Number of protein chains: 2
Amino acid sequence: MNTTLLAQAANEARGLAMDAVHVCNSGHLGLPLGCAEIGAVLFGESLRYYPDAPKWLNRDRFVLSAGHGSMFLYSWLHLSGFAVSRDDVKKFRALHSITPGHPEYHETPGVEATTGPLGQGVGNAVGYALSGKRAAARFNTAEHTIFDQHVFAILGDGCLQEGVAKEAIAFAGHSGLDNLILIYDSNDVTLDAMAKVTQGEDAEQYFLSQRWDAVTIDGHDLGAIASAIETAKSAKNGRPKVIIAKTLIGKGIPEVQGTAKGHGEGGAKFIDGARAGLGLPADEHFYVSAETVAFFAEKKEASKAVFEKWQATYDAWAKANPELAAELTAGVALSVPSDLSSKIPAFAADYKDATRSAGATVINAVAKEVPQFLTGSADLFGSTKNYIKDGGDFSAENALGRNIWFGIREHAMGAICNGIAYDGLFRASGATFLVFADYLRGSIRLAALSNLPVTYIFTHDSVGVGEDGPTHQPVETVSGLRVIPNLDVIRPGDAEETAGAFAAALLRTDGPTALILTRQAIPLMNDLSVEARRDGVLRGGYIARKETGGLTTILLATGSELQYAIAAATELGDGVRVVSLPCFERFERQSAEYRESVLPKAVTKRISIEAGVTDLWWKYVGTEGKTIGIDRFGMSAPGDVVFKELGITKDSVIAAAK
Amino acid sequence: MNTTLLAQAANEARGLAMDAVHVCNSGHLGLPLGCAEIGAVLFGESLRYYPDAPKWLNRDRFVLSAGHGSMFLYSWLHLSGFAVSRDDVKKFRALHSITPGHPEYHETPGVEATTGPLGQGVGNAVGYALSGKRAAARFNTAEHTIFDQHVFAILGDGCLQEGVAKEAIAFAGHSGLDNLILIYDSNDVTLDAMAKVTQGEDAEQYFLSQRWDAVTIDGHDLGAIASAIETAKSAKNGRPKVIIAKTLIGKGIPEVQGTAKGHGEGGAKFIDGARAGLGLPADEHFYVSAETVAFFAEKKEASKAVFEKWQATYDAWAKANPELAAELTAGVALSVPSDLSSKIPAFAADYKDATRSAGATVINAVAKEVPQFLTGSADLFGSTKNYIKDGGDFSAENALGRNIWFGIREHAMGAICNGIAYDGLFRASGATFLVFADYLRGSIRLAALSNLPVTYIFTHDSVGVGEDGPTHQPVETVSGLRVIPNLDVIRPGDAEETAGAFAAALLRTDGPTALILTRQAIPLMNDLSVEARRDGVLRGGYIARKETGGLTTILLATGSELQYAIAAATELGDGVRVVSLPCFERFERQSAEYRESVLPKAVTKRISIEAGVTDLWWKYVGTEGKTIGIDRFGMSAPGDVVFKELGITKDSVIAAAK
């Protein structure tokens, strides 16, 4: 290892961060400066990557969980030859630049995850590690190794304080993800203060208690960093690794280093002196020396050779294993059979069960068609019913398993699913009770923001939960999810709509989908064909019962209340149409003509029924309309009793229509 | 300690749980049966309580974090003489009973917290412990000790896996809450499976790493339980205590005990044999022996004496310390000056700063008027600006501190604030960036469900966040909060509305309030008086600019967009009214007459502007109306640039109105 060059490159990376933060007068210097030597070792020595193939399947993955230190990432991506130019670095945090304030997946080559909300990146890295383990188990053969990557993440004190990280760390330790290496930027400072004001845990003892290997090093000692990483990479002992790197936050700006003032942009006003102190030229900002350029150019050539050797292995493997190659290719392309919906068997006409139970049937049909589909549950497989039969359980002993036992760790489940989705080899899904969607909302938001096709299977919708009472009865949760941009929320109204909902989730490639399923049994809406109902879900909304005379009234419903709307319409007679609206977001993406055909503007007598808060329905029922819903928390009693008590009945619809 | 009697009482408690679950055919037997001996020791020996004064200020607090084991609580509350009758127990999980599926605060005497969503109760207990520490420091005198209670909680594997619990545990260890005693029902089983399927941590080592004392005992050994509790109570060593009680889940039903089937109601079908095995009479369900009744009657008399002795101490203390007594009484009564709003100084007419900065001024005025008001921040005091000057910092060394440094632990902050609010001695508030409201949503929901007057100070609203980009720009978060029943969400439009918003939050006694504050500076809306704006916030919505001619158009706005609506109205001329609608929920609670006076039905030309998703606005703008908002994630660039880029401007309003 060329420590002289790497030390110099570290200081140049510091200079890039200082100059970029200085130009836009915002951003965070603490990590880029404090972790400069770690960056030098990672990008100059330890990480396997090839900048011209940023999606190389067997690259090492690197997640900057402490995403506010984004200039760390941009500096090293630039230095190491990714398509992040000096001009890009100069446009740090500017409108439409590829160097936004926090790293954003899809925006920047080499950025593996959208990070910033603290703790999430740890979960993402765990997801990447799980994906890597399963990829190796699934695709490597005795003849060919196409996956043997490691997953790295840098986290700070902030990440480690977050519950989502602690959940993910527990999961990783229990799951034996020894391909995961966390580097803990332990600088004893948080945004607000010295870390000792808020934390006192013994980090090494903590990680040991979670079945991790832990070592503490000087985070500015290039040799110590490289050696710790090498040890971590080579110990295939069933334990994830943490390298606790003691660093000086903001190192290089004497006025603020080692203090909370070093965390943000506060040091930017001292950069002239700081740059001089680091030996950077006063007359050239965004300076990179010829030696550094040459070093990384040479490294790139070496990486190219490794990449090409791997590519040859891959080609041989693909030739020898066409079925596996097809599966992997489909996974990477997010490709599923376009006729997936029709490949799910129809339910018997007299089927009457909960949509979570219908989901159990559907998910197994989907799993057959989509071998890259994985699912998991937060200790609720028995209730959420999304278990893939014969799929096996993912564990330290069985990386092939398609069922992931996340434990009672909803937030980590969300972050890990995101990590699997970032890796893009497998399709991730996770399940819990709908009311606990709140626990993983931070991760759902990031899936939506990062266009990740994660599927959430949220069962035990609304007061149908029954005796468990208001703590477990989500009345506002569906609406709370609907307002998240780029998240599809589907609340199917019978088993066939449930089939359509799963198909919709899997067919979607540019964002997540939340499936909202009942605890209680609901009947099939057999007046319409199976295809009409499934296709209707794909469109988000459709006419579930057409008026038989002149249209006077439109009843709108979703989920378990669709049955009441249809029953009411039958009783009300000729002019009443029922619109099933299982997915607002999909409906809004239809053409104006289609929407008008379903909900003609001229018909203003509209009544919605949904067992939840009514706020969002005014968009569809309009000023003249009425909403039937539950604008309060529920109550503990048998589900059918609560439905009646709160007026979610056919009779309420009829009364409102008269 | 009468171990023979307590062993018998434990089995009778098991019988009550079996019978209750059997009758309603739902519920959870695992904990009530597995923790029966723990219950016997707690309620028969170790806890200080007096059933006829369930709110006794110096009682020991007990939180059942594993709330699904609610029959544990109901059984022991019944046995020990709280106002939970045998009939109440028989109505377990029935409509309108005081024994709902999960414990609900306000519903049942002796229930200290609404629990069930796992992990929350641990945070609540930490809040209770913080409250207890501060109460002792604030109110005890050299002559009189009126607070020296302990806080107990039972948690299971599920709670301990949750991130919110892990955050709260870290906070408690760091804060030296040695009045907190957790009893970990360690039965090696979770809902879905044996715990080893999902967890592998070394619990004792884990707690030690968090600066706790930890001991492992046989959870069925009455003597061991009592002794461990006694040791925990007496060790005033600055460390919280955990008693890891190894128990047999569902103990008493041989067919299911020790397995995941023992967790829920699965054992109910075996209760005849189980009851016989426990020596309970076959012909009397809900059986309590005369010996048990006599034992607890005697204990109640003894407790009465302790209570009365304390009451005498309290009376003497109150007489000697009238000011402290007034403060405590006001705290317990949730009483604040009714003219709080007017006691906040008016801002200078040319004040122009962020509403978070206005909040800094306001919160200090409020803190002077309301001495029981506490505030905290998730490592963001410098940004959320809610620091009480001269309030001191709460810490292991200073329990008097009014500023709580929660660390980067948003979810625990929410749960701890709930715990403080449950205790009811102090008014709790917590702050973070608005986008991270998602992280504590589970706790916010419970505050709303339990009518807790917690205040959330959420700053850095919408794309005004600027360069930090979409990960930190909440565009859907305000709407996501508005759909939660019983949560007031206030998004003030200038500094005076901010004053009104804080007053509204403090004056509210039956639920939580979220204050939504800007990062960026916004001007004062001086056309209306200070009082009109503050009072307008208390009403939720008001006319911020009255039309000067015949009313043709209503512009609706909140927060930082109010300025654009007013500027647009000024330019548009006579017939245009501006309605400021900072709090939908408060507005909806006004009389129909008032609402009509602000938003006359006849005027259908309405335009809303708010820098967030538009879904909820259709209720107010109606079918003929228009919404200006941001139905997508934001972008990284200076805030004013992003506002323009996304069309949140005066000109957009004018264009829409034309």
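Buried here means under 20% relative accessible area, with exposed being over 50% and partly exposed in between (1.4 Å probe, protein chains only). Among the buried residues of α4(A) are Phe72(A), Tyr74(A), Trp76(A) and His78(A).

The model is predicted, so local features need pLDDT of at least 70 and side-chain atom pairs count only at pLDDT 80 or more, while totals for chains, interfaces and linings use all residues. Residues are numbered from 1 along each chain as its sequence is written, chains are lettered from A and ligands numbered from 1 in the order in which they are written, and side-chain values use heavy atoms, leaving out hydrogens and water.

As for the interface, 92 residues of chain A are in contact with 92 of chain B (heavy atoms within 4.5 Å). The area buried between the two chains is about 7,800 Å², and carbon and sulfur atoms give 58% of that; this is the accessible area (1.4 Å probe) that two parts lose on being put together, summed over both.

Chains A and B share 6 salt bridges, each a side-chain nitrogen of Lys or Arg within 4 Å of a carboxyl oxygen of Asp or Glu. Arg93(B) and Asp468(A) meet in a salt bridge through their side chains, at 2.7 Å, N to O. On the side of chain A that touches chain B, helix α17(A) (residues 441-449) gives the most, with 6 residues.

Technical notes
Helix = DSSP H or I, 4+ residues; strand = E, 2+ residues; numbered from the N terminus.
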